[in-house]
Amino acid sequence: MARILGIESSCDETAVAIIEDGRKVISNIVSSQMAKHALYGGVVPELAAREHLTAVEKVCNEALKTAGMTVEEVDAVAVTHAPGLVPALLVGLNFAKGLASAYNKPLIGINHFLAHIYGAFIEAEDLDFSDPALYPMAALVVSGGHTSIVIIHSDGNAEVIGTTIDDAAGEALDKGAKLLNLGYPGGPVIERLAKGGDGKRFHFPRSLTGTSGKGLDPANRFNFSFSGLKTALLYHAKKYAPDGNTEKIEGELLTDTLASYQEALTDVLCSKLFDAVKLYRAGSAVLCGGVACNSVLREKFEKKCPENVRCIIAPKKFCTDNAAMVAALAYHYYKAGQYSPLTLDALARLPKLTFVPFAEKK
Ligand code: KG4
Ligand code: ZN
(Lines give C-alpha, C1' and ligand atoms only; values in the text may rest on other atoms or scores of the structure.)
(Ligands and ions follow the chains in the order given, each with its own letter.)
Protein backbone atom coordinates (compact mmCIF):
# COMPACT_ATOMS: atom_id res chain seq x y z
CA MET A 1 0.00 0.00 0.00
CA ALA A 2 1.25 3.48 -0.84
CA ARG A 3 -0.11 6.80 0.33
CA ILE A 4 0.99 9.76 -1.73
CA LEU A 5 0.61 13.42 -0.86
CA GLY A 6 -0.01 15.52 -3.97
CA ILE A 7 0.33 19.28 -4.41
CA GLU A 8 -1.19 21.43 -7.17
CA SER A 9 -0.52 25.14 -7.78
CA SER A 10 -0.31 25.55 -11.57
CA CYS A 11 -3.03 28.19 -11.87
CA ASP A 12 -5.51 29.69 -9.38
CA GLU A 13 -6.19 26.72 -7.10
CA THR A 14 -3.97 25.74 -4.19
CA ALA A 15 -4.69 22.08 -3.59
CA VAL A 16 -3.30 19.22 -1.53
CA ALA A 17 -4.60 15.63 -1.48
CA ILE A 18 -3.61 12.28 -0.07
CA ILE A 19 -4.46 9.26 -2.21
CA GLU A 20 -3.96 5.58 -1.51
CA ASP A 21 -2.77 3.31 -4.32
CA GLY A 22 -3.80 5.71 -7.08
CA ARG A 23 -7.52 5.29 -6.44
CA LYS A 24 -8.68 5.83 -2.87
CA VAL A 25 -9.17 9.43 -1.76
CA ILE A 26 -8.03 9.87 1.85
CA SER A 27 -8.28 13.66 1.72
CA ASN A 28 -8.70 16.23 -1.02
CA ILE A 29 -8.52 19.93 -0.17
CA VAL A 30 -8.87 22.72 -2.74
CA SER A 31 -8.56 26.40 -1.91
CA SER A 32 -9.64 28.62 -4.78
CA GLN A 33 -8.39 32.15 -5.45
CA MET A 34 -11.03 32.68 -8.13
CA ALA A 35 -12.74 35.57 -6.34
CA LYS A 36 -9.43 37.50 -6.20
CA HIS A 37 -8.77 37.09 -9.93
CA ALA A 38 -12.40 37.83 -10.85
CA LEU A 39 -11.66 41.51 -10.16
CA TYR A 40 -9.26 41.44 -13.12
CA GLY A 41 -11.36 39.22 -15.41
CA GLY A 42 -8.65 36.54 -15.55
CA VAL A 43 -5.75 34.97 -13.67
CA VAL A 44 -2.89 37.33 -12.77
CA PRO A 45 0.27 35.16 -12.38
CA GLU A 46 2.02 37.24 -9.69
CA LEU A 47 -1.16 37.51 -7.64
CA ALA A 48 -1.65 33.73 -8.00
CA ALA A 49 1.89 33.10 -6.70
CA ARG A 50 1.34 35.35 -3.69
CA GLU A 51 -1.96 33.67 -2.85
CA HIS A 52 -0.41 30.18 -3.18
CA LEU A 53 2.33 31.24 -0.82
CA THR A 54 -0.14 32.22 1.91
CA ALA A 55 -2.34 29.16 1.37
CA VAL A 56 -0.06 26.20 0.67
CA GLU A 57 1.01 25.31 4.21
CA LYS A 58 -2.52 25.75 5.58
CA VAL A 59 -4.02 23.59 2.84
CA CYS A 60 -1.36 20.93 3.38
CA ASN A 61 -2.00 20.84 7.13
CA GLU A 62 -5.72 20.54 6.49
CA ALA A 63 -5.20 17.63 4.06
CA LEU A 64 -3.03 15.84 6.66
CA LYS A 65 -5.50 16.55 9.46
CA THR A 66 -8.48 15.29 7.42
CA ALA A 67 -6.51 12.14 6.63
CA GLY A 68 -5.45 11.78 10.27
CA MET A 69 -1.86 11.44 9.08
CA THR A 70 1.53 13.03 9.58
CA VAL A 71 4.06 13.71 6.81
CA GLU A 72 6.16 10.83 8.22
CA GLU A 73 3.37 8.43 7.28
CA VAL A 74 3.29 9.55 3.65
CA ASP A 75 5.22 7.39 1.15
CA ALA A 76 6.02 10.09 -1.40
CA VAL A 77 5.42 13.75 -2.25
CA ALA A 78 4.03 14.48 -5.73
CA VAL A 79 3.74 17.92 -7.29
CA THR A 80 2.64 19.52 -10.54
CA HIS A 81 5.77 20.99 -12.11
CA ALA A 82 4.43 21.75 -15.62
CA PRO A 83 2.68 23.04 -17.65
CA GLY A 84 1.28 26.16 -16.02
CA LEU A 85 2.08 29.66 -14.80
CA VAL A 86 5.71 29.48 -13.69
CA PRO A 87 5.44 31.85 -10.68
CA ALA A 88 2.45 29.82 -9.45
CA LEU A 89 4.05 26.43 -10.13
CA LEU A 90 7.21 27.45 -8.27
CA VAL A 91 5.33 27.88 -4.99
CA GLY A 92 3.94 24.33 -4.95
CA LEU A 93 7.16 22.87 -6.31
CA ASN A 94 9.40 24.51 -3.71
CA PHE A 95 7.03 23.55 -0.92
CA ALA A 96 7.06 19.94 -2.16
CA LYS A 97 10.86 19.94 -2.37
CA GLY A 98 11.02 21.23 1.20
CA LEU A 99 8.76 18.43 2.46
CA ALA A 100 10.56 15.75 0.46
CA SER A 101 14.01 16.76 1.66
CA ALA A 102 13.05 17.46 5.30
CA TYR A 103 11.21 14.15 5.69
CA ASN A 104 13.40 12.16 3.31
CA LYS A 105 10.57 11.18 0.95
CA PRO A 106 10.76 10.57 -2.79
CA LEU A 107 9.72 13.56 -4.92
CA ILE A 108 7.57 12.88 -8.00
CA GLY A 109 7.08 15.65 -10.58
CA ILE A 110 3.74 15.49 -12.39
CA ASN A 111 2.52 16.69 -15.79
CA HIS A 112 -0.69 18.61 -15.09
CA PHE A 113 -2.15 17.77 -18.50
CA LEU A 114 -1.76 14.02 -17.93
CA ALA A 115 -3.07 14.41 -14.37
CA HIS A 116 -6.31 15.84 -15.81
CA ILE A 117 -6.74 12.62 -17.83
CA TYR A 118 -6.06 10.54 -14.71
CA GLY A 119 -8.79 12.50 -12.88
CA ALA A 120 -11.31 10.44 -14.85
CA PHE A 121 -9.99 7.19 -13.37
CA ILE A 122 -9.67 7.95 -9.65
CA GLU A 123 -13.05 6.74 -8.52
CA ALA A 124 -13.75 4.40 -11.44
CA GLU A 125 -13.37 1.40 -9.14
CA ASP A 126 -14.16 -1.35 -11.63
CA LEU A 127 -11.72 0.07 -14.16
CA ASP A 128 -8.86 -2.35 -14.76
CA PHE A 129 -5.92 -0.84 -16.67
CA SER A 130 -4.86 -4.32 -17.79
CA ASP A 131 -8.18 -4.86 -19.60
CA PRO A 132 -7.32 -4.81 -23.34
CA ALA A 133 -10.91 -3.84 -24.20
CA LEU A 134 -10.22 -0.32 -22.89
CA TYR A 135 -7.62 0.38 -25.58
CA PRO A 136 -6.88 2.43 -27.40
CA MET A 137 -8.37 5.11 -25.18
CA ALA A 138 -9.45 8.35 -26.83
CA ALA A 139 -9.28 11.18 -24.30
CA LEU A 140 -10.64 14.70 -24.70
CA VAL A 141 -8.85 17.14 -22.38
CA VAL A 142 -10.79 20.40 -22.17
CA SER A 143 -9.76 23.10 -19.73
CA GLY A 144 -8.84 26.75 -19.57
CA GLY A 145 -5.39 25.98 -20.97
CA HIS A 146 -5.92 22.88 -23.09
CA THR A 147 -8.15 21.41 -25.73
CA SER A 148 -6.60 18.20 -27.03
CA ILE A 149 -7.41 14.70 -28.14
CA VAL A 150 -5.02 12.03 -26.90
CA ILE A 151 -4.89 8.42 -28.04
CA ILE A 152 -3.50 6.06 -25.41
CA HIS A 153 -2.40 2.59 -26.44
CA SER A 154 -2.31 -0.53 -24.27
CA ASP A 155 1.51 -0.45 -24.07
CA GLY A 156 1.45 3.08 -22.64
CA ASN A 157 2.40 4.84 -25.85
CA ALA A 158 0.36 7.97 -26.33
CA GLU A 159 -0.16 10.44 -29.16
CA VAL A 160 -1.73 13.87 -29.09
CA ILE A 161 -3.56 13.74 -32.42
CA GLY A 162 -5.16 17.15 -32.19
CA THR A 163 -5.01 20.35 -30.24
CA THR A 164 -6.31 23.90 -30.44
CA ILE A 165 -4.62 26.16 -32.94
CA ASP A 166 -5.73 29.28 -31.03
CA ASP A 167 -7.96 29.52 -27.93
CA ALA A 168 -8.72 26.61 -25.61
CA ALA A 169 -12.40 25.71 -25.07
CA GLY A 170 -12.37 27.14 -21.54
CA GLU A 171 -10.76 30.29 -22.83
CA ALA A 172 -13.56 30.67 -25.40
CA LEU A 173 -16.08 30.46 -22.54
CA ASP A 174 -14.11 32.81 -20.28
CA LYS A 175 -13.54 35.38 -23.05
CA GLY A 176 -17.14 35.06 -24.26
CA ALA A 177 -18.45 35.80 -20.76
CA LYS A 178 -16.04 38.72 -20.40
CA LEU A 179 -17.24 40.19 -23.67
CA LEU A 180 -20.80 40.23 -22.34
CA ASN A 181 -19.61 41.39 -18.91
CA LEU A 182 -20.95 38.29 -17.15
CA GLY A 183 -18.03 37.65 -14.80
CA TYR A 184 -15.16 35.19 -14.37
CA PRO A 185 -14.69 32.26 -14.79
CA GLY A 186 -17.01 32.21 -17.79
CA GLY A 187 -17.68 28.46 -18.05
CA PRO A 188 -19.85 28.05 -14.95
CA VAL A 189 -21.52 31.46 -15.50
CA ILE A 190 -22.46 30.59 -19.10
CA GLU A 191 -23.73 27.17 -18.06
CA ARG A 192 -25.96 28.72 -15.39
CA LEU A 193 -27.32 31.57 -17.55
CA ALA A 194 -27.87 29.34 -20.60
CA LYS A 195 -30.14 26.94 -18.72
CA GLY A 196 -33.52 26.61 -20.39
CA GLY A 197 -32.33 28.58 -23.44
CA ASP A 198 -32.89 27.60 -27.07
CA GLY A 199 -29.51 26.38 -28.30
CA LYS A 200 -30.77 26.18 -31.87
CA ARG A 201 -32.02 29.76 -32.09
CA PHE A 202 -28.73 31.26 -33.27
CA HIS A 203 -26.09 29.67 -35.41
CA PHE A 204 -22.48 30.02 -34.26
CA PRO A 205 -19.59 28.70 -36.37
CA ARG A 206 -18.22 25.20 -35.85
CA SER A 207 -14.66 25.86 -37.05
CA LEU A 208 -12.49 23.12 -38.56
CA THR A 209 -15.39 20.70 -38.90
CA GLY A 210 -15.73 21.01 -42.67
CA THR A 211 -19.23 22.45 -42.36
CA SER A 212 -18.46 25.94 -43.64
CA GLY A 213 -18.60 24.79 -47.27
CA LYS A 214 -14.84 25.33 -47.68
CA GLY A 215 -13.87 21.72 -46.93
CA LEU A 216 -11.41 20.72 -44.24
CA ASP A 217 -7.65 20.33 -44.55
CA PRO A 218 -7.03 16.71 -43.35
CA ALA A 219 -4.19 18.05 -41.18
CA ASN A 220 -6.85 19.81 -39.08
CA ARG A 221 -9.22 16.86 -38.74
CA PHE A 222 -8.60 16.63 -34.98
CA ASN A 223 -7.48 20.19 -34.37
CA PHE A 224 -9.71 22.84 -32.83
CA SER A 225 -10.13 26.56 -33.36
CA PHE A 226 -12.33 28.69 -31.12
CA SER A 227 -11.23 32.25 -31.84
CA GLY A 228 -13.78 32.53 -34.68
CA LEU A 229 -16.53 31.46 -32.31
CA LYS A 230 -15.62 34.24 -29.91
CA THR A 231 -15.52 36.83 -32.73
CA ALA A 232 -18.91 35.59 -33.96
CA LEU A 233 -20.28 36.21 -30.46
CA LEU A 234 -18.97 39.77 -30.59
CA TYR A 235 -20.68 40.49 -33.94
CA HIS A 236 -23.83 38.76 -32.77
CA ALA A 237 -23.90 40.86 -29.62
CA LYS A 238 -23.30 44.08 -31.56
CA LYS A 239 -26.12 43.19 -33.96
CA TYR A 240 -28.72 42.30 -31.36
CA ALA A 241 -27.82 44.46 -28.39
CA PRO A 242 -29.67 47.68 -27.82
CA ASP A 243 -27.46 50.58 -29.08
CA GLY A 244 -24.82 48.01 -30.04
CA ASN A 245 -23.72 47.86 -26.41
CA THR A 246 -22.61 44.25 -25.99
CA GLU A 247 -22.96 44.42 -22.23
CA LYS A 248 -26.66 45.13 -22.50
CA ILE A 249 -27.85 41.76 -23.77
CA GLU A 250 -30.42 40.44 -21.33
CA GLY A 251 -33.39 38.14 -20.77
CA GLU A 252 -34.37 35.53 -23.34
CA LEU A 253 -31.96 37.00 -25.88
CA LEU A 254 -29.07 36.41 -23.47
CA THR A 255 -30.24 32.91 -22.48
CA ASP A 256 -30.66 31.82 -26.12
CA THR A 257 -27.37 33.45 -27.15
CA LEU A 258 -25.44 31.60 -24.46
CA ALA A 259 -27.25 28.31 -25.07
CA SER A 260 -26.43 28.58 -28.80
CA TYR A 261 -22.79 29.47 -28.05
CA GLN A 262 -22.48 26.51 -25.69
CA GLU A 263 -24.19 24.28 -28.26
CA ALA A 264 -21.66 25.18 -30.97
CA LEU A 265 -18.68 24.63 -28.67
CA THR A 266 -19.87 21.29 -27.30
CA ASP A 267 -20.89 20.09 -30.79
CA VAL A 268 -17.35 20.62 -32.07
CA LEU A 269 -15.76 18.93 -29.05
CA CYS A 270 -17.95 15.84 -29.30
CA SER A 271 -17.91 15.48 -33.07
CA LYS A 272 -14.08 15.55 -33.17
CA LEU A 273 -13.62 13.17 -30.25
CA PHE A 274 -16.08 10.61 -31.62
CA ASP A 275 -14.59 10.90 -35.08
CA ALA A 276 -11.28 9.92 -33.42
CA VAL A 277 -12.99 7.08 -31.54
CA LYS A 278 -14.22 5.73 -34.89
CA LEU A 279 -10.94 6.15 -36.75
CA TYR A 280 -8.79 4.59 -34.01
CA ARG A 281 -11.44 1.97 -33.07
CA ALA A 282 -11.13 3.12 -29.48
CA GLY A 283 -12.33 0.90 -26.66
CA SER A 284 -13.00 3.81 -24.33
CA ALA A 285 -13.78 7.53 -24.59
CA VAL A 286 -12.55 9.78 -21.77
CA LEU A 287 -13.78 13.29 -20.92
CA CYS A 288 -11.77 15.42 -18.47
CA GLY A 289 -10.53 18.93 -17.57
CA GLY A 290 -12.38 21.95 -16.14
CA VAL A 291 -14.80 22.36 -19.06
CA ALA A 292 -15.86 18.73 -18.52
CA CYS A 293 -17.87 20.08 -15.53
CA ASN A 294 -20.34 21.38 -18.10
CA SER A 295 -23.58 19.42 -17.96
CA VAL A 296 -24.48 20.00 -21.61
CA LEU A 297 -21.10 18.62 -22.66
CA ARG A 298 -21.34 15.64 -20.27
CA GLU A 299 -24.81 14.70 -21.56
CA LYS A 300 -23.87 15.10 -25.21
CA PHE A 301 -20.66 13.10 -24.72
CA GLU A 302 -22.53 10.23 -23.09
CA LYS A 303 -25.27 10.25 -25.71
CA LYS A 304 -22.80 10.26 -28.60
CA CYS A 305 -20.65 7.48 -27.18
CA PRO A 306 -21.31 4.24 -29.09
CA GLU A 307 -22.63 1.35 -27.04
CA ASN A 308 -19.55 -0.81 -27.51
CA VAL A 309 -17.22 1.98 -26.31
CA ARG A 310 -16.76 2.53 -22.58
CA CYS A 311 -17.69 6.07 -21.63
CA ILE A 312 -15.46 7.45 -18.84
CA ILE A 313 -16.37 10.94 -17.65
CA ALA A 314 -14.34 12.47 -14.81
CA PRO A 315 -16.41 13.20 -11.68
CA LYS A 316 -16.98 16.97 -11.48
CA LYS A 317 -14.77 17.35 -8.39
CA PHE A 318 -11.81 15.95 -10.37
CA CYS A 319 -12.47 18.06 -13.50
CA THR A 320 -11.32 21.49 -12.33
CA ASP A 321 -7.83 21.77 -10.86
CA ASN A 322 -7.25 19.55 -7.83
CA ALA A 323 -4.41 17.64 -6.21
CA ALA A 324 -6.18 14.26 -6.08
CA MET A 325 -5.39 13.75 -9.77
CA VAL A 326 -1.74 14.66 -9.07
CA ALA A 327 -1.31 12.24 -6.13
CA ALA A 328 -3.25 9.47 -7.89
CA LEU A 329 -1.22 9.61 -11.10
CA ALA A 330 2.01 9.74 -9.07
CA TYR A 331 1.27 6.26 -7.69
CA HIS A 332 2.21 4.74 -11.05
CA TYR A 333 5.62 6.46 -11.06
CA TYR A 334 6.08 5.48 -7.40
CA LYS A 335 5.42 1.81 -8.19
CA ALA A 336 8.01 1.94 -10.97
CA GLY A 337 10.55 3.72 -8.72
CA GLN A 338 10.58 6.71 -11.06
CA TYR A 339 11.41 9.66 -8.84
CA SER A 340 12.39 13.22 -9.68
CA PRO A 341 15.56 14.99 -8.56
CA LEU A 342 15.40 17.90 -6.12
CA THR A 343 16.61 20.06 -9.01
CA LEU A 344 13.28 19.55 -10.83
CA ASP A 345 12.21 22.73 -12.68
CA ALA A 346 8.87 24.44 -13.12
CA LEU A 347 8.06 24.75 -16.81
CA ALA A 348 5.40 26.77 -18.64
CA ARG A 349 5.24 24.12 -21.37
CA LEU A 350 6.14 20.47 -21.78
CA PRO A 351 6.91 18.57 -24.96
CA LYS A 352 3.89 16.68 -26.34
CA LEU A 353 2.85 13.68 -24.27
CA THR A 354 4.17 10.41 -25.71
CA PHE A 355 3.83 7.94 -22.83
CA VAL A 356 1.56 7.25 -19.87
CA PRO A 357 2.62 5.16 -16.87
CA PHE A 358 -0.72 3.50 -16.10
CA ALA A 359 -1.58 1.43 -19.18
CA GLU A 360 -0.67 -2.18 -18.38
CA LYS A 361 -0.37 -4.52 -21.33
CA LYS A 362 -0.93 -8.11 -20.26
O1 KG4 B 1 -8.98 22.49 -15.44
P2 KG4 B 1 -9.15 23.89 -15.01
O3 KG4 B 1 -9.63 24.13 -13.59
O4 KG4 B 1 -7.85 24.72 -15.17
C5 KG4 B 1 -6.97 24.59 -16.25
O6 KG4 B 1 -6.11 23.68 -16.22
O7 KG4 B 1 -7.16 25.39 -17.19
O8 KG4 B 1 -10.19 24.54 -16.04
C9 KG4 B 1 -10.67 25.84 -15.89
C10 KG4 B 1 -11.65 26.11 -17.04
C11 KG4 B 1 -12.11 27.56 -17.09
O12 KG4 B 1 -11.95 28.04 -18.41
C13 KG4 B 1 -13.58 27.49 -16.70
O14 KG4 B 1 -14.37 28.48 -17.33
C15 KG4 B 1 -13.96 26.10 -17.18
O16 KG4 B 1 -12.83 25.31 -16.88
N17 KG4 B 1 -15.12 25.59 -16.48
C18 KG4 B 1 -16.30 25.30 -17.10
C19 KG4 B 1 -17.20 24.91 -16.08
N20 KG4 B 1 -16.54 24.94 -14.88
C21 KG4 B 1 -15.26 25.35 -15.15
N22 KG4 B 1 -16.65 25.37 -18.38
C23 KG4 B 1 -17.92 25.04 -18.70
N24 KG4 B 1 -18.85 24.68 -17.79
C25 KG4 B 1 -18.55 24.60 -16.47
N26 KG4 B 1 -19.47 24.24 -15.59
ZN1 ZN C 1 -5.95 22.26 -15.11
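Where does ligand 1 lie, given which domains give residues to the shell around it? Domain 1 (3-121 + 318-335) and domain 2 (132-314) both contribute to that shell, so ligand 1 lies between them. Keep in mind as you look around that this is a predicted model.

Let's start with the ligand's surroundings. Ligand 1 sits in the largest pocket, and 19 residues surround it. The closest of these are Gly144, Asp174, Gly187, Glu191 and Asp321. Sorted by class, the shell comes out as six nonpolar, 10 polar and three charged residues. Helices take part too: H4 (112-118), H5 (169-179) and H6 (186-194) each supply at least two residues of the shell.

| Residue | Protein atom | Distance to an oxygen atom of ligand 1 |
|---|---|---|
| His116 | polar side-chain atom | 3.1 Å |
| Ser143 | polar side-chain atom | 3.4 Å |
| Gly170 | backbone N or O atom | 3.3 Å |

How much of ligand 1's accessible area does the protein cover? On its own the ligand has 550 Å² of accessible area, and the protein covers 89% of that.

Now for the backbone. Most peptide bonds are trans, and most residues other than glycine have a negative phi. With that in mind, a few spots in this model are worth a look.

Take Ala82 and Pro83: they are joined by a cis peptide bond, with omega at about -20°. You'll find Pro83 in the loop between strand E4 (76-82) and helix H3 (86-103).

Another cis peptide bond runs from Tyr184 to Pro185, and there omega is near -5°. Pro185 belongs to the loop between H5 and H6, and those two helices are among the ones that supply residues to the shell around ligand 1.

To spot Asp21, look in the loop between strand E2 (13-20) and strand E3 (24-32).

How values were computed: Residues are numbered from 1 along each chain as its sequence is written. Chains are lettered from A and ligands numbered from 1 in the order in which they are written. This is a predicted model: local features need pLDDT of at least 70, side-chain atom pairs count only at pLDDT 80 or more; totals for chains, interfaces and linings use all residues. Side-chain values use heavy atoms; hydrogens and water are left out. A residue is near a molecule or strand if one of its heavy atoms lies within 4 Å of it. A polar contact is a pair of N or O atoms within 3.5 Å; within protein, one must be able to donate a hydrogen and the other to accept it, and residues adjacent in sequence count only if both atoms are side-chain atoms. Accessible areas come from the Shrake-Rupley method with a 1.4 Å probe; for residues, only the protein chains shown count as cover. On a 1 Å grid over the protein atoms alone, a cavity is a set of points where a 1.4 Å probe fits but cannot get out, and a pocket is an open set with protein on both sides within 12 Å along at least five of seven lines; lining residues have an atom within 4 Å of a point. A molecule sits in a cavity or pocket if more than half of its atoms lie within 2 Å of its grid points. Helices (H or I, at least four residues) and strands (E, at least two) are DSSP runs, numbered from the N terminus. Ala, Val, Leu, Ile, Met, Phe, Trp, Tyr, Cys and Pro count as nonpolar, Asp, Glu, Lys and Arg as charged, and the others, Gly among them, as polar. Domain bounds come from an automatic or database domain assignment.
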